[in-house]
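Student: I would like to work through a protein model. Can we take it step by step?

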Amino acid sequence: MEEHILIAVAWPYANANIHVGNLTGSYLPADICARYHRLRGRKVMMVSGSDAHGTPITVKADAQSTSPLEIYEQYHESFVALFLKLGLNYNIFTSTHTSNHFDIAQKVFTALKENGYLYTTTEKQWYSSAQKRFLPDRYVEGTCYICGNPDARSDQCERCGQMLEAELLQNPRSKVDGSTPELKETEHFYLDLSKLQEEIVDFLKTRESYWRPNVMRQSLGQILTDGLRGRPITRDLDWGIPVPVDGWDGKCLYVWFEAVIGYLSGVVEWSKLHNQSGAWRHWWTGDKVRSFYFIGKDNIPFHAVIWPAELIGMGDAFDKAMGSPEPKPLVLPYDVPANEFMNLEGRKISGSANWAVWGLDFLERYDPDPLRYYLVTAMPENRDSDWDWEEFFQRNNNELVATWGNLANRVLSFTYKHWEGVIPDPGDLREADLALLETIKAGFDSVGDKLEKVQLRAALAEVMTLASEVNKYLDVHAPWFEIKTDKAEAAKSVYTALQAIDWLKLMFAPFLPHTSQALHDCLANPQPIFGYGYTKSVEDDLGKHLVLEYCDDNAMTSVGQDLWSPVLLPINKTFNQPVPLFKKLEHAIVEDERSRLGK
Ligand SMILES: [Zn+2]
């Protein structure tokens, strides 16, 4: 059976637009890896969706006098529009507000409960008798019992920075209507993480040799220092997934507990939408599965500890509840390549201060591949990084345009003109020609090795270095000079450079899919390299939701063959008139763009 790759991508919270820091943190690296594995002929499932529940969305809805549903739908649509424009090829991008997700999340809850990993505790929470409901932490303000700040939130004080015990807050008031709430007892379910600690530690130890140090520190390191304690997985809120237990009306599953279940429910939904109801098991119960979780560093504990805890705790009970005749446990994360944060011009990105470069706004003025390129060169893989407009400008003009784009365009235009749009027969290649081709060919191994390890910055830098090698070769074996005295010699140089460019096109393809495809079209290949994204509206008991999907029926990657290899360029093949791959930018954009920030 072929290898199945699950590309699990962070679920954007549907209450804010997506900026470049979010893109480079998780969504873009996920797409690059998905494309790479598709080129290797593996069965890829890239899954994510909008995180639709939780109090930040209800707070925003209250502030705008609208419903949480409308807030979520508005952002969900803008996420889908951005992903289509940037070429992020999700097999399914759905949402947590679907009947399917409700059902799967409730099944996970029930499996954990049946296996003895849930318990209940009664605690005191602020209750509004005027509204007849419990008030979530963010809805209650009062005086901080530590520093006396009169405007502290019940769970945290902005002035002294301390986490607060909600019930100790002084002079509490409801943010909704200013009324005084009272403390009332309420019962909640907890996930018994301490009971699962030993198995989580054993799991993390098997990943110690290759996970990023920061991820290991925030998972295994943290557990070995502090140990694990139970965490509440339900709360008093009506916007969310109901607790599937009789008598628990008015309570729902905590968003941190149910959103991660989306990686599982999303694949189940994909299987249903494609009329292959059991297909999700290929990525969740198979023997040859690797699952990669692309997230930002703020999400490490949820993906490296809590989600594995939910998976381990379920055992085979979930698969059994799904009707499997031979129930199996679910596959644990293979890698969690969490990124650090990207700053902007030396300052922390802040959406509320508009100190951000927004994805959709950027793509109004620039093409997607220059964004993808710059975001990889500045990807915060091991430490925080910085978006700098001057550097974006320099890298676009000096690397994308000068090193790669001009190389491809110059060689193709020259060949098109002097050999009437036909790839010339080079005869026997010279030693220097063979040496260059060996160098480029070796890139399939070395770049591929880095992509397997999710070292994307290093992988892309290496492809760009290989492109420079072709430029160096052309400095010595310049066909534009050779042709004046010996067209046969020029044909050798042209053929060698074209072959190198065709291989580089494939190595660049996961990073720069749009321009690699343009080059692929120029070389008159009838099949596109990758498939394409499209949307559809799905109706269920909760209403309609928009889903982003992926179709590669006619693409090269649909065949399941390993395409990551040096295929020979056919001699005497006709190709199309080349067009420039990238646009040179004016330096004035740097000041223009900087002047927009913070306004
Ligand atoms: Zn305080």
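Here are some questions and answers on the model.

Tutor: This is a predicted model, where local features need pLDDT of at least 70, side-chain atom pairs count only at pLDDT 80 or more, and totals for chains, interfaces and linings use all residues. Residues are numbered from 1 along each chain as its sequence is written, and side-chain values use heavy atoms, with hydrogens and water left out.

Student: Which protein donors does the zinc ion have?
Tutor: Donors are N, O and S atoms within 2.8 Å of the metal (3.2 Å for Na, K and Ca). Here the donors lie 2.3 to 2.4 Å from the zinc ion. They are the SG atoms of C144, C147, C157 and C160.

Student: What is the geometry of the zinc ion's site?
Tutor: Four donors count as tetrahedral if all angles lie between 85 and 135 degrees. The angles among the four donor atoms are 103 to 117 degrees. The site is therefore tetrahedral.

Student: Is C144 buried or exposed?
Tutor: Buried means under 20% relative accessible area, exposed over 50%, partly exposed in between (1.4 Å probe, protein chains only). The relative accessible area of C144 is 1%. So C144 is buried.

Student: How far apart are the end C-alpha atoms of helix α4 (residues 99-114)?
Tutor: A helix is a DSSP run (H or I, at least four residues), numbered from the N terminus. Its expected span is 1.5 Å times one less than its number of residues. For the 16 residues of α4 that gives 22 Å. The end C-alpha atoms agree, at 22 Å.

Student: In which helix is T415?
Tutor: T415 is buried, because its relative accessibility is 0%. Its place is in residues 389-418, helix α14.

Notes:
Helix = DSSP H or I, 4+ residues; strand = E, 2+ residues; numbered from the N terminus. Tetrahedral: all angles 85-135°; square planar, octahedral: opposite > 155°, others 65-115°.
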